[in-house]
Amino acid sequence: MARSGRKTIKIPCPMMRIQNKAVWMDQGEWAMDFFGWLSKEKGKLGLTEYHYTNGYMKLVFKTAEHCTAFGLKYAGRQK
């Protein structure tokens, strides 16, 4: 998860990029769940941007502390 001192984190997601378009491998269920949770937490988390790669999503935060807090909340959410 999040390492201390970094402002970015990569999380696994069921998505592939095909011809510069995001294709969700689970009909978007993961995305709706994740972005729904993120919209509730967004003000507290300090998220500034995100990028898609094959199988991962890269999240960028305002500070390293925001990134670490997200990593802890996201790990707790998955249990």
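Q: Is Phe 35 buried, partly exposed or exposed?

A: This is a predicted model, and a residue is placed in one of these classes by its relative accessible area, with buried meaning under 20% and exposed over 50%. Phe 35 has a relative accessible area of 24%, so Phe 35 is partly exposed.

Q: What is the relative accessible area of Phe 34?

A: The value for Phe 34 is 0%, so Phe 34 counts as buried.

Q: How are the rings of Phe 34 and Phe 35 arranged?

A: To read a ring pair, one looks at the distance between centres and at the angle between planes, where over 60 degrees counts as edge-to-face. The centres of the Phe 34 and Phe 35 rings are 5.4 Å apart and their planes stand at 70 degrees, so this pair is edge-to-face. Phe 34 also pairs with Tyr 74, and because their planes are at 85 degrees, with centres 5.9 Å apart, that pair is edge-to-face as well. Here the pair links distant parts of the chain, since Phe 34 belongs to helix H1 and Tyr 74 to helix H2, 40 residues apart.

Q: Which residues touch the most other members of the largest nonpolar core?

A: In soluble globular proteins, nonpolar side chains tend to be buried together. In this structure the largest nonpolar core has 16 residues, and those touching the most other members are Ile 11, Phe 34, Leu 59, Phe 61 and Phe 70. Helix H1 gives the largest share of this core, five residues.

Q: Which residue lies over the face of Tyr 56?

A: That residue is Lys 10, at 5.3 Å from the ring centre.

How values were computed: Residues are numbered from 1 along each chain as its sequence is written. This is a predicted model: local features need pLDDT of at least 70, side-chain atom pairs count only at pLDDT 80 or more; totals for chains, interfaces and linings use all residues. Side-chain values use heavy atoms; hydrogens and water are left out. A nonpolar core is a set of buried Ala, Val, Leu, Ile, Met, Phe, Trp, Tyr and Cys residues joined through side-chain atoms within 4.5 Å. Buried means under 20% relative accessible area, exposed over 50%, partly exposed in between (1.4 Å probe, protein chains only). Helices (H or I, at least four residues) and strands (E, at least two) are DSSP runs, numbered from the N terminus. Rings of Phe, Tyr and Trp (its six-membered ring) pair if their centres lie within 6.5 Å; planes under 30 degrees apart count as stacked, over 60 as edge-to-face and the rest as tilted. A charge sits over a ring if NZ of Lys or CZ of Arg is within 6 Å of the ring centre and within 35 degrees of the ring normal.
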